[in-house]
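Visitor: I would like to learn how to read the features of a model like this one. Please take me through them in turn.

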Amino acid sequence: MTRSSGDHDLNVSAADGGDDPASALGDVWLALDALPRSAAPPSATASTIEIVALSARRHALSPSTRSWLAAVGLVVGAFLGGAAIGRLTAPGVDPGVLEQIDLLRERLERLDRQPRLPPRPFNEWERPPRRGPQPPREIQPPPR
Amino acid sequence: MPSESTVKVSGFDPSTALMVRVREGDAEAFEELVALWQDRLITLFLHHTGDHSTAEDLTQDVFMRVYRARATYTPSAKFTTWIHTIANNVASDLRQRAYRRKERGMPVNGSASSSGIGLDQIAVAASGLLPARLAGRTELQAVVQQAMLTLNDRQRMAVLLAKFEQCSYEEIAAAMGISVPAVKSLLFRARDQLREALTAYMDGGTS
């Protein structure tokens, strides 16, 4: 709390101030009796209650609502932040990659253009040669 | 309006007992508290600001703060001191707002600090009443009100807490957040200034 320097400049002893504020103010104390005491209009209490209730409704979110809103805010914030960071830090398109994509597309198209074999039943497929124990080779006599 | 004697007291003073109920969510207790304190606060702020509608607004502000801070209230703190502290804070906020508006060159409304009434003007007003010496209570009231407005905000608050709330030095010190010697200093200076402002009237009245 701020204090005006003038309030402390004066060294006031208990004797100066008196035992209580009334004696401190001396003859002025009685003059202050002339100040009227104010009375609030009859509707003032209801009006005050209404304003306080309105203010409380406006300001007071329940703690659970507040934490729920905080969580939603955090998620949305994280999402937006991530999107922004991703946008800023993502590398540009590499032309080499594009070239490779073109090459791949070209090969696929070539494959598409090749005539397709007619479908064959499963049992007509050639069996691949079996790999097993080979018959012993004939040993040829060395050339003379 | 319920009187203090009709309010149930359970070991606390009536206002403290009501505030404990308010803290527990008793809306009726809050209404009783408002009824109990409203006139006192309006009187305090009326003589502090010199304007009745500002006084009513500040009183509502005090009750709003009381309601918002209800959860933090502890019965160990005397309710009277607590609400006086809030009232002093509300008055301080008004003073700071007025100061900021003044700095920005905007018109300041409602605050006594901006009344710009000097001691010479008070003396003229008082002496103007002297010849008649029949000045009634209304005139005396006007002179004392004008004299009060010559005090600075802190002196005025200290005087009002002493006169209207019958606060001791310690209670004023607690409400205003200053030391007891500082309160004595404030009242000492206020007395001199009021005496000076009312000299013409007081001399005239006693001669």
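Visitor: In which hand, left-handed or right-handed, does H5(A) pass H2(B)?

Guide: This is a predicted model, in which local features need pLDDT of at least 70 and side-chain atom pairs count only at pLDDT 80 or more, while totals for chains, interfaces and linings use all residues. Residues are numbered from 1 along each chain as its sequence is written, chains are lettered from A and ligands numbered from 1 in the order in which they are written, and side-chain values use heavy atoms, with hydrogens and water left out. A crossing is left-handed if the near helix is turned anticlockwise from the far one by less than a right angle, and right-handed if clockwise. H5(A) crosses H2(B) in the right-handed sense.

Visitor: At what angle do H5(A) and H2(B) pack?

Guide: Axes are lines fitted to C-alpha atoms, for helices over the stretch in contact, and angles run from 0 to 180 degrees between N-to-C directions. Helices are DSSP runs (H or I, at least four residues), as are strands (E, at least two), numbered from the N terminus. For H5(A) and H2(B) the angle is about 125°, with the axes 10 Å apart. Under 35 degrees counts as roughly parallel, over 145 as roughly antiparallel, 65 to 115 as roughly perpendicular and the rest as oblique; H5(A) and H2(B) are therefore oblique to each other.

Visitor: Which residues of H5(A) and H2(B) meet?

Guide: Contact means heavy atoms within 4.5 Å. Ala44(A), Thr45(A), Thr48(A), Ile49(A) and Val52(A) of H5(A) meet Phe30(B), Glu31(B), Val34(B), Ala35(B) and Gln38(B) of H2(B). Thr45(A), for one, lies in helix H5 (residues 44-59) of chain A. Leaving aside neighbours within four places in sequence, Thr45(A) touches Glu31(B), Val34(B), Ala35(B) and Gln38(B).

Visitor: Is Thr45(A) buried or exposed?

Guide: Buried means under 20% relative accessible area, exposed over 50%, and partly exposed in between (1.4 Å probe, protein chains only). Thr45(A) has a relative accessible area of 17%, so it is buried. Of the 144 residues of chain A, 15% count as buried. Chain A has seven helices and zero strands.

Visitor: How large is the area buried between chain B and chain A?

Guide: The size of an interface is often given as the accessible area lost when the parts come together. Here buried area uses a 1.4 Å probe and is summed over both parts. Between chain B and chain A about 4200 Å² is buried, with carbon and sulfur atoms giving 63%. Gln60(B), Lys163(B) and Tyr169(B) supply 15% of the area that chain B buries against chain A, more than any other three residues. The contact takes 51 residues from chain B and 45 residues from chain A.

Visitor: How many residues of H1(B) are buried?

Guide: Eight of the ten residues in helix H1 (residues 14-23) of chain B are buried, among them Leu18(B), Met19(B) and Val20(B). The buried residues of H1(B) pack against H2, H3 and helix H4 (79-103) of chain B. Just after H1(B), Gly25(B) takes a positive phi of about 95°.

Visitor: Which value does phi of Gln166(B) take?

Guide: Most residues other than glycine have a negative phi. Phi of Gln166(B) is near 50°, a positive value in a residue other than glycine. Gln166(B) sits in the loop between helix H7 (153-165) and helix H8 (169-176) of chain B. With a relative accessible area of 56%, Gln166(B) is exposed.

Key. Buried area = accessible area lost by both parts, 1.4 Å probe.
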